[in-house]
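Visitor: I'm new to this one, and I'd like to learn how to read it. Could you walk me through it?

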Amino acid sequence: MHRLISQLKESTIIPLALLMITIPVAHFGYQEFSVTVKGLFSLAPYIAFTAATTLSLVYGRLRVLMTLLVLVISYWAFSTLTGPVGLSWNKFTIETVFNAITILGPLNIALFAFWAEKGSLISDLFTKTAAIAIQVFFVWLVAENHYTGVLHFFTLIFWPSMHPDWLNIAPFSFIAFIIALLAMAIRIITQPSTTNAALLSSLVILFIVSQQLLIPGYLPVFMFLAGLLLVGAIVHETFNMAFKDDLTGLPGRRALNEQLAKLGRHYTIAMMDVDHFKKFNDTYGHDIGDQVLKMVAAKIRKVTGGGKAFRYGGEEFTILFPGRDLQHTLPHLEIVREVIAGYLMRIRDEDRPEDNDEGKNMRGRKNTRIQKTQKKDSSVVSVTISIGVAQREGMNKTPEQVIKAADEALYRAKHGGRNKVST
Ligand SMILES: Nc1nc2c(ncn2[C@@H]2O[C@H](COP(=O)(O)OP(=O)(O)OP(=O)(O)O)[C@@H](O)[C@H]2O)c(=O)[nH]1
């Protein structure tokens with residue numbers, strides 16, 4: 001739960017801050033731009049969309065690609081509606097296009113966020129693009145043939161309370177935005193990620209520009225932001241894939257190597273390893289083993305004393321203490337060891353408490369749980385870790401040599417009975 005909240009904060013904070021900053025730029029700043037700058041700025045969203053499209057194709061991010069297609073169509077249609085050519089469109093076409101974008105746009109963003117990415121990129125891309133093409137065809141059909149009935153239906157106000165005065169979009173559009181917003185909120189709560197935050201931001205941006213279409217700055221400035229957020233999401237997630245361990249969320253070996261290269265002349269390194277983990281896996285299975293590794297990583301991540309945790313590989317972890325000597329790190333490592341040894345983990349099964357407080361109470365009743373574990377309830381488990389520590393000194397001059405010394409200390413901890421810190 002704690003990790004979910006921090007992931008949620010991590011993925012939404014930047015888009016939220018950028019949305020806030022963009023409001024005054026679109027509302028006041030844009031008016032100060034010269035005509036040339038305004039003209040150039042109208043191209044800015046297309047530049048950001050092109051960059052995001054290229055990255056989506058290179059990294060196979062179809063959900064982002066489909067959202068981009070919705071944004072490109074919306075931006076092109078909205079800028080045509082509000083531009084000089086749009087004025088020659090008849091009123092019926094203008095209303096049809098505006099209503100189509102504001103009803104279908106949000107629903108499509110939500111749809112593509114949920115529509116699983118399956119098969120090859122090309123066939124998936126083909127199916128999803130066909131879904132958009134069919135919609136575009138129907139909109140064209142309505143606009144061409146002046147199906148006033150359809151348009152009239154979509155602008156009907158069923159519930160006056162659902163259509164407040166400040167709303168500049170049709171009632172059906174408002175409902176579409178609410179449905180899409182709820183769906184995207186569920187999506188980001190269940191799967192907090194930078195991409196989902198960027199998709200949610202695209203939806204919010206589509207709402208803002210639909211609402212403020214007649215204020216000149218909003219459309220290019222906010223659409224540019226949408227493109228930038230999608231570019232940022234792909235770059236951020238690709239970076240995470242390379243540097244973060246997927247199972248535990250800790251920085252991985254590549255990140256560790258980068259940090260090792262930056263260390264100064266004064267540091268301590270601790271290597272740690274889960275005790276008898278092979279036996280644990282054999283007894284409880286690999287999936288439960290994974291859950292335990294996640295728990296161990298969560299505890300190691302909280303190390304105090306200036307330590308930085310990494311997953312070294314398998315059931316091995318590393319903590320770097322830049323600028324700290326060995327004696328300083330020992331009490332902090334003892335805390336990590338004790339916390340893990342004292343933690344009774346309830347295995348995720350049907351009985352696992354959904355409620356976090358219940359889980360805490362259960363852990364509080366430690367002695368009863370241990371007895372229960374030994375007698376009949378095999379759904380509560382615990383593990384210990386052994387830790388080896390070494391600092392940069394004497395013959396151990398390079399990070400590799402210090403890691404080797406810490407590994408040797410870890411070997412001594414294992415042979416000294418495990419569940420201990422050795423130097
Ligand atoms: N579930 C799970 N197991 C893993 C993972 N990575 C490594 N392991 C297992 O960790 C075990 C490591 O076993 P060993 O290196 O023999 O050491 P050990 O059993 O922990 O014994 P000691 O280190 O001597 O206490 C192996 O069974 C690996 O399959 C992982 O990501 N998930």
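**Reading the model step by step**

Guide: Start with confidence: the protein chain has a mean pLDDT of 87, and 91% of its residues reach 70 or more. pLDDT is the predictor's confidence in each residue, from 0 to 100. This is a predicted model, where local features need pLDDT of at least 70, side-chain atom pairs count only at pLDDT 80 or more, and totals for chains, interfaces and linings use all residues. Residues are numbered from 1 along each chain as its sequence is written, and side-chain values use heavy atoms, with hydrogens and water left out.

Visitor: Where does pLDDT stay under 50?

Guide: That happens over residues 350-376, for which the model has 21 contacts beyond four places in sequence. Contact means heavy atoms within 4.5 Å. For the complex, the predictor gives an ipTM of 0.95 and a pTM of 0.70.

Visitor: How do I read a sheet, and what is the order of the strands in this one?

Guide: Helices (H or I, at least four residues) and strands (E, at least two) are DSSP runs, numbered from the N terminus. Two strands pair if DSSP finds at least two bridges between them. Here five strands form an open sheet, ordered β2-β3-β1-β6-β7, with mixed pairing. At the edges sit β2 (308-313) and β7 (421-422), each pairing on one side only.

Visitor: Which strands does β1 pair with?

Guide: β1 runs antiparallel to β3 (residues 316-322), joined by seven bridges. With β6 (residues 385-391), β1 also pairs in the antiparallel sense over seven bridges. You can trace this residue by residue: Ala270 has Ile319 of β3 as its bridge partner, Thr268 has Phe321, and Tyr267 has Pro322.

Visitor: Is β1 (residues 267-274) mostly covered or mostly open, and what counts as buried?

Guide: Buried means under 20% relative accessible area, exposed over 50%, and partly exposed in between (1.4 Å probe, protein chains only). For β1 the answer is mostly covered, with eight of its eight residues buried. As for β3, five of its seven residues are buried, so the rest of the structure largely encloses this strand.

Visitor: Let's move to the ligand. Which residues come nearest?

Guide: A residue is near a molecule or strand if one of its heavy atoms lies within 4 Å of it. Of the 16 residues around the ligand, the nearest are His276, Phe277, Lys278, Asp290 and Arg311. Some of them make polar contacts. A polar contact is a pair of N or O atoms within 3.5 Å; within protein, one must be able to donate a hydrogen and the other to accept it, and residues adjacent in sequence count only if both atoms are side-chain atoms. For His276, a backbone N or O atom lies 2.8 Å from a ligand oxygen atom. A polar backbone atom of Phe277 is 2.8 Å from an oxygen atom of the ligand. Arg311 uses an N or O atom in its side chain, 2.8 Å from a ligand oxygen atom.

Visitor: How about Gln212, where is it found?

Guide: Gln212 is in the loop between α9 (194-211) and α10 (218-243). Gln212 is partly exposed, with a relative accessible area of 26%. Its C-alpha atom is separated by 46 Å from that of Lys294, 82 residues apart along the chain.
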